[in-house]
Amino acid sequence: FRPFKIRSVAIGAALLMIASVAIGITGAASSATTASPATSASKCAAFWGPAANVIDGVLPPGLSCPKPKPFTVAVLAAEECPYCSSWQKAVTGELKVLGAKVVLSLNAGGSDATQAAQMQEAIAKKPDGIVVWPYGESAIVPSLIAAKAAGIPVELSNSPSAAAGLKDVIAYTGPQNTEEGEVGAQMLAKALRSKGDVIVILGAIGTTPEIQRLGGFEAELHKIAPSMKVLGTGDGNWEEATSLSATSALLTRYGSKVAGIFA
């Protein structure tokens, strides 16, 4: 299979990118490493490496960052899953590197109502910014409007909001979910030479990525390989054990009819 790219869509100047530039401009030394202040400032101004390079707020060896004036950020995740916890750890770790104080780090646990309440709590703390992974693309819109009215910049991550909310955020960083589904259909159709039926293992039901990826997959498959059908879908919830169980159930049900799996 050929690799495919996950694109990032920038709507404005990202909150965290502003912070990283600010670090490079300050030029004040604050780290006990052998790197010179000038070299550190230059590296930090350009540093925007993979989140995997930042573990619990610790920079890669040899890189020190002068600290800007402290700023506060609230981090709100959408749900609980292995990827979700890794995302939350990476965000809070990167913020620590950039000199931020994380005043709130919460997880909505897959509930629109809980996330709305958590956004109200975050706004009440009056942080310098909010990073939020929206659970529902439409449900998050009133919270985005409220944050903008309070003068608090919001950066969306991993899942976009509905179009109505995009004007109220400074940026979105994350994948094009519909395109991910389309590329999945293209790769599977190519592997199967546009013949045979498939099953689909979904992510957390009702979330924007799950809806958009499935929609993109089904629409593209119908377009490029109309003889191929989706026999059934299973709820994997982005968890290994749940996905294995869902896959097993579908394979038991459809047996040799299954030519491929999109998960």
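Predicted model: local features only at pLDDT ≥ 70, side-chain atom pairs only at ≥ 80, totals over all residues.
Student: Why is Lys126 called exposed?

Tutor: Exposed means over 50% relative accessible area. Lys126 has a relative accessible area of 70%, and is therefore exposed. Lys126 lies in the loop that separates α4 (112-124) from β3 (129-132).

Student: Why does Ser194 count as partly exposed?

Tutor: Buried requires a value under 20%, and exposed a value over 50%. Ser194 has a relative accessibility of 28%, so the term for the range in between applies: partly exposed. Ser194 belongs to the loop between α7 (177-191) and β6 (197-202). Its phi is also positive, about 60 degrees, although Ser194 is not a glycine.

Student: How do you know that the length of α7 agrees with expectation?

Tutor: The expected span is 1.5 Å times one less than the number of residues. For the 15 residues of α7 this gives 21 Å, and the end C-alpha atoms are 21 Å apart, so the two values agree.

Student: Against which elements do the buried residues of α7 pack?

Tutor: They pack against β5, β6, α8 (208-224) and β8 (258-262). Among these buried residues are Val183, Met187 and Leu188.

Student: What makes β2 and β5 edge strands?

Tutor: The open sheet has five strands in the order β2-β1-β3-β4-β5, with parallel pairing. The strands β2 (100-107) and β5 (171-173) each pair on one side only, and they are the edge strands. From one strand to the next, the twist averages 20 degrees.

Student: Which residues touch the most other members of the largest nonpolar core?

Tutor: Of its 16 residues, these are Leu76, Ile130, Val132, Val154 and Leu156. The elements giving two or more residues to this core are β1, α4, β3, α5 (141-149) and β4 (154-157). The most come from α4, with three residues.

Student: What is in contact with Leu156, leaving aside its neighbours within four places in sequence?

Tutor: Its contacts include Val132, Leu144, Leu166 and Tyr172. A second, separate core has 15 residues, including Phe71, Val73, Ala100 and Tyr135.

Technical notes. Residues numbered from 1 in each chain as written. Heavy atoms only, no water. Helix = DSSP H or I, 4+ residues; strand = E, 2+ residues; numbered from the N terminus. Buried < 20%, exposed > 50% of the residue type's maximum accessible area, 1.4 Å probe, protein only. Pairing = 2+ DSSP bridges. Axes fitted to C-alpha atoms, helices over the stretch in contact; angles between N-to-C directions. Contact = heavy atoms within 4.5 Å. Core = buried A, V, L, I, M, F, W, Y, C linked by side-chain atoms within 4.5 Å.
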